[in-house]
Amino acid sequence: MGRYFCNESELNCAWDRILSAFWQRYPNPFSTHVLTEDVLFREVTPDNCLLSRRLFTKTNLLPRWAERVFPSHLNRSVYIVEDSVVDPKAHTLTTHTLNVNHTRFMKFGLARFKSNQVKSMKGLEYALSKLHSESQPSRIHGDQDQDSPLPPATQKPQEYS
């Protein structure tokens, strides 16, 4: 039986900035476990949606109790496939991720997956704030930028079994 986790987020930011930050979200201080990212496939559909498949390599530290259960030669890094669909008309970005290595053993990893998803959103917000600060004009003579930081994303998690 597979485990599914769904999270929907709304970010209070311009659409083009969200997309730009999404593609630039690694590296960031909230996701140091992400080692590599590679684009495997990218295509624009006839209705102008962008389909992408990316492969991420991430570290995989097992919980202490799992170190006693799983063989010591078990790979300490995992491969994650991310499929994304960008719909510019509806202004939506939909992603699906799949842990390729440990699909049979992910019952113990659902809590970690949820935790990493929160870190991923913080990383996206970090990338958005970097884009925001880079787009601000330089201040002269000590003028202070009075813009408030980006608001946090609102999240609506759902779990399916």
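Buried means under 20% relative accessible area. By that cut-off, Arg-54 and Glu-82 are both buried in this predicted model. The two residues also pair with each other: Arg-54 forms a salt bridge with Glu-82, with the closest N and O atoms 2.9 Å apart. Arg-54 lies in strand 3 and Glu-82 in strand 4, so their contact ties together parts 28 residues apart in sequence.

Arg-54 has a relative accessible area of 2%. A salt bridge also links Arg-54 to Glu-37, where the closest N and O atoms are 2.8 Å apart. Glu-37 sits in strand 2 (residues 34–44) and Arg-54 in strand 3 (residues 50–59), 17 residues apart. Glu-37 counts as partly exposed because its relative accessibility is 28%. Shared partners join Arg-25, Glu-37, Arg-54 and Glu-82 into one network of salt bridges.

**The Arg-53 pair**

Arg-53 and Asp-83 meet through their side chains in a salt bridge. Arg-53 belongs to strand 3 and Asp-83 to strand 4 (residues 77–87); 30 residues separate the pair. Arg-53 is partly exposed at 37% relative accessible area. Asp-83 is partly exposed too, at 25%.

**Distances**

A search of the whole structure finds four salt bridges. The table lists some of them, including two made by Arg-54.

| Salt bridge | N to O distance |
|---|---|
| Glu-37 and Arg-54 | 2.8 Å |
| Arg-53 and Asp-83 | 2.6 Å |
| Arg-54 and Glu-82 | 2.9 Å |

Conventions
Residues numbered from 1 in each chain as written. Predicted model: local features only at pLDDT ≥ 70, side-chain atom pairs only at ≥ 80, totals over all residues. Heavy atoms only, no water. Helix = DSSP H or I, 4+ residues; strand = E, 2+ residues; numbered from the N terminus. Buried < 20%, exposed > 50% of the residue type's maximum accessible area, 1.4 Å probe, protein only.
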